[in-house]
Amino acid sequence: MTVDDLKTILARIRKPLAFASRDNFAHFHSLGALEPFMRVQVAELKRLAKGREEIAEIENLFSGFDHLSPDEKRNHVIRANVLIDSLEGRNEPPAAPVSMPAPIHPASEPGLRLDTPIQYCKGIGPKRAEMLQKLGISTVEDALAYLPWRYEDRGNLKKIGRLTYGSYETVSGEVVSAEVVSTKRQRVKIFELLITDKSGMLIGSWFNQAFMQKMFRKGQKVILSGIVKANPYKGGLPQIDNPDYEIMDDTESDSLIHTGRTVPIYRTTAGLSVRYLRSMMKAVLDSCGASVHEMLPEEIVKKYSLMPVPEAYFEVHFPSQEKDIARLNRGMSPAHRRLSFEELFVLELGLALRKRGTISEKKGISFKPLDSLEKALRKSLPFTLTRAQERVIAEIKRDMIAGRPMNRLVQGDVGCGKTVVALVASLLANENGYQACIMAPTEILAEQHYKNMSALAVPLGLTVRSLTGSHRKKEKEAVLAEIESGSAQIVVGTHALIEAQVKFKRLGLAVIDEQHRFGVLQRSTLTSKGYEPDVLVMTATPIPRTLALTVYGDLDVSVIDEMPAGRSPVIARLFFESKRREAYQFIESELVKGRQVYVVYPLVEETEKSDLKAATEMAAHMQKDIFPHWKIGLLHGRMKGQEKERVMTSFKAGDIQILVSTTVIEVGVDVPNATVMVIEHPERFGLAQLHQLRGRVGRGGHQSSCILMGPRMFVEEARERLTAFSRTNVGFKIAEEDLRLRGPGEFFCTRQSGLPDLRAANIIRDADLVEQARSEAFDLIQKDPVLAGYPALRELVRRKWQGKLGLINVG
């Protein structure tokens, strides 16, 4: 603490109190919301001058202040001034008056609480609350957690006479005039504000904002920020169009929020401006920011020198201490790091609780190390397993032989050979007298797994069955009977496997493919069909180590980081609309060689008719006008299962040469003869999705290509993403870049995975915090398994995890 810091806060408090005391306290009626203002300042005083009795009394004086009578307010202000004198060392405080009213505590205060619905905040109401919900803001707590996505330095004030044209500048001056100017166009008017700072004059210009004239008056002090240009019609005077502005007066110099300082910029939605969100955040912070309780254990806060949480919220929204804009924009300020640590700590506590339940409370199947089926399989394979596959198989077998349930994630790039690894694990279960099931996210992928598994397992004398939603009733009943009797030793299916009528006789292994498409509840339902079966989760979405630690913190992770020999990397090429003819010529040259082609359209949802129409029309256009001599097929998610299967079978057989599809072919389809993947509107795909699509080609011995058909113009973010995609074929590098660009929430759908949302933390950026939070969380659960000594923290974990901690035995 410095004396100057304390004096600054005390001077800030004195200003409204001095204004209130003027003219025998005649100004109370125009002094609104003093109570939340004082709450914020008292929080600062507590930080700077711990243990001073005067601060506690000041806090009591202004608790419930806005609802006191004028006489009570007068007495409280007089007493507060005496206490401030004492804090400044001017005198010792006399004893407090006897008849002090009891303070109104936050729980009963008619102000805001963290769980207050946002619509009840001043100036919001139901209509704006509906818009705010689109941003994920439903409560006051959500608002506090909605952090700026970037910051601008508007505190570097320049003299008008020294402005640089074309640059973003901030100026302060006095209003000379405020006029509405008519233009030649009917109903178009411009509001012009002329200001001066003695070094020159500047025009602030707002298009069709005539109502703003009432907000300004001559002599008023204002701050304007924006890009400066010269006005050719007014002698070349500097002008800022639609500037951000702040109106100042003697009592507001310390409460600038829109300019004259480091300013937060929030992501918006239709109907809500950045300026409105900024004002709303300031009101929310002033009302309840100081009352946010510390949830982290005191020893952790001290160990890592973490900023107090109320201060962190004020600093992250309206920075006053951190002056480095680049650091703020990277989310690396002390305030950002404080909030990120708490998010990650709560996340890791939940994972620690789930893992503890998996290890200590559950007894699993201890499989015997039998390997005759595995040896027979290896002899029949036309290839040798890679070293990475051998390593992962050894890790899986070690888990299955142990007496606790296996919960293992196998991740690896597209085409690295995860299916064979899953089959080896299934054979170990089968040889021990147990059944195995493989659950895939789509019927196409389930059918492909079924065919591949059958081709390898049936010659070994095993019964493999398929169960999907498209089976006819009699066929389905027959499969269900075989599953219940145990004669179906390996069952491959979709979500149909978790339906109530599916009853396994002895399920020993559950393999879940492309796990990020299944929610925690679905996985839990599947594993509940056996006596603590081993769980093997497979994903072709490469996941960086820090994300795997977080998303799969309760799973052991295996990585297949080696590709089978003889695979040529797929060449990525970006074509703009003007080069479409050239792209078609390349496709024609591949078709002439006897190869096949995918053309993929992005489909946000299968119900979006416009996207579906685009794919359908493109297929018809290509068949009629571009490739009339080749057979073109269409595949989309609204087709019936049998129809999809017919199209895919024709494509695999070579009867269809070009397959126009929506993203239903993203996962798992295997056609070795396909050498070209054309992706329309690639800017609408995430990096991981693009990588998955690229993995559909290059599965044979021929050189393959991925053609990105881009529009004429890209936004910068899309250009960055597509450049990263073209630069590398390595899935883990793609994943790192995708996570950096999109953030963890979008990269890995946290709502589907059953994990709390991360609003402040970024798992790549905050890798060190992930490790620290994980270590502290697991240590705390080791010492206090039910957080009995930390009731507030236990409630926070329960609320953030929303009851998902009961599912501790699944990934």
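**Reading helices, sheets and rings**

Modeller: We start with two helices: α12 passes α14 in a right-handed crossing. Helices (H or I, at least four residues) and strands (E, at least two) are DSSP runs, numbered from the N terminus. The model is predicted: local features need pLDDT of at least 70, side-chain atom pairs count only at pLDDT 80 or more, and totals for chains, interfaces and linings use all residues. Residues are numbered from 1 along each chain as its sequence is written, and side-chain values use heavy atoms, with hydrogens and water left out.

Biologist: At what angle do α12 and α14 pack?

Modeller: Two packed helices are described by the angle between their axes and the distance between the axes. Axes are lines fitted to C-alpha atoms, for helices over the stretch in contact; angles run from 0 to 180 degrees between N-to-C directions. Here, α12 (residues 372-380) and α14 (residues 418-431) pack at about 145 degrees, with axes 8 Å apart.

Biologist: Which residues of α12 and α14 make the contact?

Modeller: Contact means heavy atoms within 4.5 Å. From α12 come Ser372, Leu373, Glu374 and Leu377. From α14 come Leu423, Val424, Leu427, Asn430 and Glu431.

Biologist: Now the sheet. In what order do the seven strands lie?

Modeller: Two strands pair if DSSP finds at least two bridges between them. The open sheet runs β11-β12-β10-β13-β14-β9-β15, with parallel pairing. β11 (464-467) and β15 (556-560) stand at the edges with a single partner each, so one side of each has no neighbour in the sheet. On average, neighbouring strands are turned by 20 degrees against each other, direction ignored.

Biologist: Over how many bridges do β11 and β12 pair?

Modeller: Four, in the parallel sense; β12 covers residues 490-493. Val464 has Ile490 of β12 as its bridge partner.

Biologist: Which strands does helix α15 touch?

Modeller: Helix α15 (residues 443-457) packs on the sheet and touches β10 (435-439), β11, β12 and β13 (507-513). Its direction makes about 175 degrees with that of β11. His449 lies in this helix, α15.

Biologist: Is His449 buried or exposed?

Modeller: Buried means under 20% relative accessible area, exposed over 50%, and partly exposed in between (1.4 Å probe, protein chains only). His449 has 5% relative accessibility, so it counts as buried. Leaving out residues up to four places away in sequence, His449 touches Thr419, Ile438, Ala440, Val492 and Asp513.

Biologist: And aromatic rings? How many aromatic pairs does a search of the whole structure find?

Modeller: A pair of aromatic rings is described by the distance of the centres and the angle of the planes. Rings of Phe, Tyr and Trp (its six-membered ring) pair if their centres lie within 6.5 Å; planes under 30 degrees apart are stacked, over 60 edge-to-face, the rest tilted. The search finds eleven pairs. Tyr146 and Tyr266 have centres 6.3 Å apart and planes at 15 degrees, so they are stacked. Tyr146 lies in the loop between α6 (140-145) and β1 (150-153), and Tyr266 in the loop between β8 (262-265) and α7 (274-288), so the pair ties together parts 120 residues apart in sequence. Both Tyr146 and Tyr266 are buried.

Biologist: Which residues do ring pairs link into a cluster?

Modeller: Phe191, Trp206, Phe216 and Tyr245.

Terms used. Left-handed = near helix turned anticlockwise from the far one by under 90°.
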